[in-house]
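Biologist: I am new to this structure and would like to learn how to read a few of its features. Please take them one by one.

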Amino acid sequence: MKIAVFDSGIGGLSVLYEAQRALPQEQFIFFADEDNVPYGTQTPAAVQQHVAAAFDFLVAQQVKAIVVACNTATSVAAPAMRARYDLPIIGMEPAAKLALDEDGTRRVLVIATPITVKGQKMQLLIDRFDKDHLVDRLALPELVTFAERQEFDSPAVRAYLQQALAPFDLTQYSALVLGCTHFNYFKPALRTLLPANMRFVDGNAGTVRELRRQLAARGALEQLTPSVAYYYSGRRVTDAAEQARIDRYLQQLSLVHDL
């Protein structure tokens, strides 16, 4: 059986990339809801509707687990999906706790979509772990738009980031938490604007570890011929141009993985 990796758009490829490295003999379905991206600027009710439709499709494919490779969808819809379906559903959350654990004295900046930044899940996470009030939050919705058109490092991208980061004295920060899977593509552009003391932190590796743990607990890890089937909002990607587009994202991820 296959593992599904679901995202609002193409950002979840960063989680798929991590999962393929950790589970090289598993088969995957990658589902990007390209018809409805971005989620982060929509209402929670709209996001819940999109996620429910995607899950209905994926469960019909008889997948053995679904990774919700989208912080926004996790925040808004993952609890309802877990109540609805009896299979492992592994969500994402901004890795603010990890960033705090690695330093604990300097500030942490979480960048994410507006829904994630303002959401209850994010607030509960901060209330639980940020006892010294070190975490700041910043919504960067335009990065999703840039990512979807493969504009990873351009004058427009750098101008947008520079303006958004200007209010923060980044010398006081230890980490930049990438709270949206689309944001991993922008590590080179961000690196030019961040001081050397700031490191990148994301939740991809932790999410994949949890995927492995839950599959192992169910005896569901397999030794298969590796493969990935790509879908855009339920439509199988077969066009050569679209496959080449996906390959360009994966190439960018291979370049930025260790930054």
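Modeller: Start with a polar contact, a pair of N or O atoms within 3.5 Å; within protein, one must be able to donate a hydrogen and the other to accept it, and residues adjacent in sequence count only if both atoms are side-chain atoms. Here the side chains of Glu34 and Arg245 are joined by a polar contact of 3.3 Å. This is a predicted model, in which local features need pLDDT of at least 70 and side-chain atom pairs count only at pLDDT 80 or more, while totals for chains, interfaces and linings use all residues. Residues are numbered from 1 along each chain as its sequence is written, and side-chain values use heavy atoms, with hydrogens and water left out.

Biologist: Where does Glu34 lie, and is Glu34 buried or exposed?

Modeller: Helices (H or I, at least four residues) and strands (E, at least two) are DSSP runs, numbered from the N terminus. Glu34 sits in the loop between β2 (27-32) and α2 (44-60). Buried means under 20% relative accessible area, exposed over 50%, and partly exposed in between, with a 1.4 Å probe and protein chains only. Glu34 counts as buried because its relative accessibility is 18%.

Biologist: Which residues are linked with Glu34 in a network of salt bridges?

Modeller: Side chains of opposite charge can pair when their charged atoms come close. A salt bridge is a side-chain nitrogen of Lys or Arg within 4 Å of a carboxyl oxygen of Asp or Glu. The network links Glu34, Glu148, Glu242 and Arg245. By this rule the count comes to 16 salt bridges.

Biologist: Which parts of the chain does the pair of Arg199 and Glu102 link?

Modeller: Their side chains, Arg199 and Glu102, meet in a salt bridge of 2.7 Å, N to O. The pair links distant parts of the chain, with Arg199 in strand β8 and Glu102 in helix α4 (residues 96-102), 97 residues apart. Arg199 counts as partly exposed because its relative accessibility is 24%; Glu102 is also partly exposed, at 46%.

Biologist: What order do the strands of the open sheet have?

Modeller: Two strands pair if DSSP finds at least two bridges between them. The open sheet has four strands in the order β6-β5-β7-β8, with parallel pairing. Its edge strands, β6 (135-139) and β8 (199-201), each pair on one side only. Inside the sheet, β5 (residues 107-112) and β7 (residues 173-178) pair over five bridges, and Val108 has Ala175 as its bridge partner in β7.
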